Amino acid sequence: MAFSVVRSTNPRSDADRAAILEAPGFGKHFTDHMVRIDWTETDAWSQGQVLPYGPLSLDPATAALHYGQEIFEGLKAYRQPDGSIATFRPDANAARFQRSARRLAMAELPAQLFVESLQALAEIDQEWVPNDPAESLYFRPFMIATEVGLGVNNPSRSYTYLLIASPAGAYFTGGVRPVKVWLSTEYTRAAPGGTGEAKCAGNYAAAFLAQAAATAQGCDQVVWLDAAEHRWVEEMGGMNLYFVYGSGPSARVVTPALTGTLLSGITRDSLLVLAGELGYTAEEGKISTDDWREGVRSGAITEVFACGTAAVITPVGAVDSANGGWTIGDGTPGPISMQLREHLLAIQTGRAEDTHDWMLKLV
Ligand SMILES: *Cc1c(COP(=O)(O)O)cnc(C)c1O
């Protein structure tokens, strides 16, 4: 389906854009355009529109504002060595967006439309993709319930899909910095049967207070434990976790299994594949906070890292909790964490062969 295009009459000047790309930060600046596709019960998906980036006009009784029917995605486009622009596993994001929609009783955007929306925005705003391979253009696809009214008993009968994009600077400036994490036994991110597996706004709203508590404890991030026992490790903030057992070629990397309360990260899934290819044993498992503490004490666990689209891989250097804390190794980034990070980034930026057909050229 071809997208209609209304060009911005007021795009940023080359000089303004260059100043932004000099130090883009994360999620602070947005490109000149956005994509919009509407859904209604009678007409299904409307023609996609590329529009000037700008405010939405919403009735104050719009469903999304009251009952949180909102889902989102996050993925990046990287400038390739030949100057083209490519993104990483957009089909996986499209599929997850559909699963999130299903869980929130929303309309499912066809995967092809999802990918075409990325192509349409990348095409018109291609100047916004940084040239530095440590930087990227972050896409934020999202969908809101737009029916007007306060009835609580039924899902909305109309939805609006939107896609915006924001240049993203290097996540770590001045070297990769390990984080210190707080084990949260007071708050829960997700419970069995809940929405933990969906990428929905409400999960984040429910997490901010725990994140603030972690910050108050002098930590960078919160680690979520299972809801029933507060014992089994699930995730870190908005990222998945990996534990490295042993070292060298015989190392084993383990990530908590997807129980229905974890968000199924595309970075997590990709690293299971890549770690195996690099010769490590890569598997899903079950790790308790006691296993973590004892494994680090005995030396069995040598590295811990978190992974997600925004930071790719972030080493975890230290842990704190209501029952005390510990340091992982010497608290600095471990060699396997860094090797995996480099390898995945090399694929994403076109410096390593893409043997899995993970990269999709957008422009
Ligand atoms: C998005 C997200 C992740 C990471 O997923 P990626 O696809 O790797 O970016 C992990 N946990 C939560 C809670 C998330 O929302």
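This is a predicted model: local features need pLDDT of at least 70, side-chain atom pairs count only at pLDDT 80 or more; totals for chains, interfaces and linings use all residues.
User: Why is Arg268 called buried?
Analyst: Buried means under 20% relative accessible area, exposed means over 50%, and partly exposed lies in between (1.4 Å probe, protein chains only). Arg268 has a relative accessible area of 2%, so the residue counts as buried. Pro256 is also one of the residues that Arg268 touches, together with Asn240, Tyr242, Thr255, Ala257, Leu258, Glu284 and Cys307, when residues up to four places away in sequence are not counted; contact here means heavy atoms within 4.5 Å.

User: How do you know that the span of helix α7 agrees with its number of residues?
Analyst: Arg268 lies in this helix, and helices (H or I, at least four residues) and strands (E, at least two) are DSSP runs, numbered from the N terminus. The expected span of a helix is 1.5 Å times one less than its number of residues, so the 12 residues of α7 (266-277) should span 16 Å, which agrees with the 17 Å between its end C-alpha atoms. Other buried residues of α7 include Ile266, Thr267 and Leu271.

User: What surrounds the ligand, and which polar side-chain atom lies 2.7 Å from one of its oxygen atoms?
Analyst: There are 14 residues around the ligand, the closest being Lys199, Tyr204, Glu235, Thr267 and Thr309, with "near" meaning that a heavy atom of the residue lies within 4 Å. The polar side-chain atom at 2.7 Å from a ligand oxygen belongs to Tyr204, and an N or O atom in the side chain of Thr267 is 2.6 Å from an oxygen atom of the ligand. Of the 390 Å² that the ligand exposes when taken alone, the protein buries 96%; such areas come from the Shrake-Rupley method with a 1.4 Å probe, and for residues only the protein chains shown count as cover.

User: What makes the 49 residues a nonpolar core?
Analyst: A nonpolar core is a set of buried Ala, Val, Leu, Ile, Met, Phe, Trp, Tyr and Cys residues joined through side-chain atoms within 4.5 Å. The largest such set has 49 residues, and Trp45, Phe114 and Phe139 have the most contacts inside it. Helix α4 (residues 111-124) gives the most to this core, with 8 residues.

User: Why does Ala44 count as partly exposed, and what is its phi?
Analyst: Ala44, in strand β3 (residues 44-45), has 35% relative accessibility, which is between the two limits and therefore makes it partly exposed. Its phi is positive, about 55°, although Ala44 is not a glycine. Most residues other than glycine have a negative phi.

Key: Residues are numbered from 1 along each chain as its sequence is written. Side-chain values use heavy atoms; hydrogens and water are left out. A polar contact is a pair of N or O atoms within 3.5 Å; within protein, one must be able to donate a hydrogen and the other to accept it, and residues adjacent in sequence count only if both atoms are side-chain atoms.
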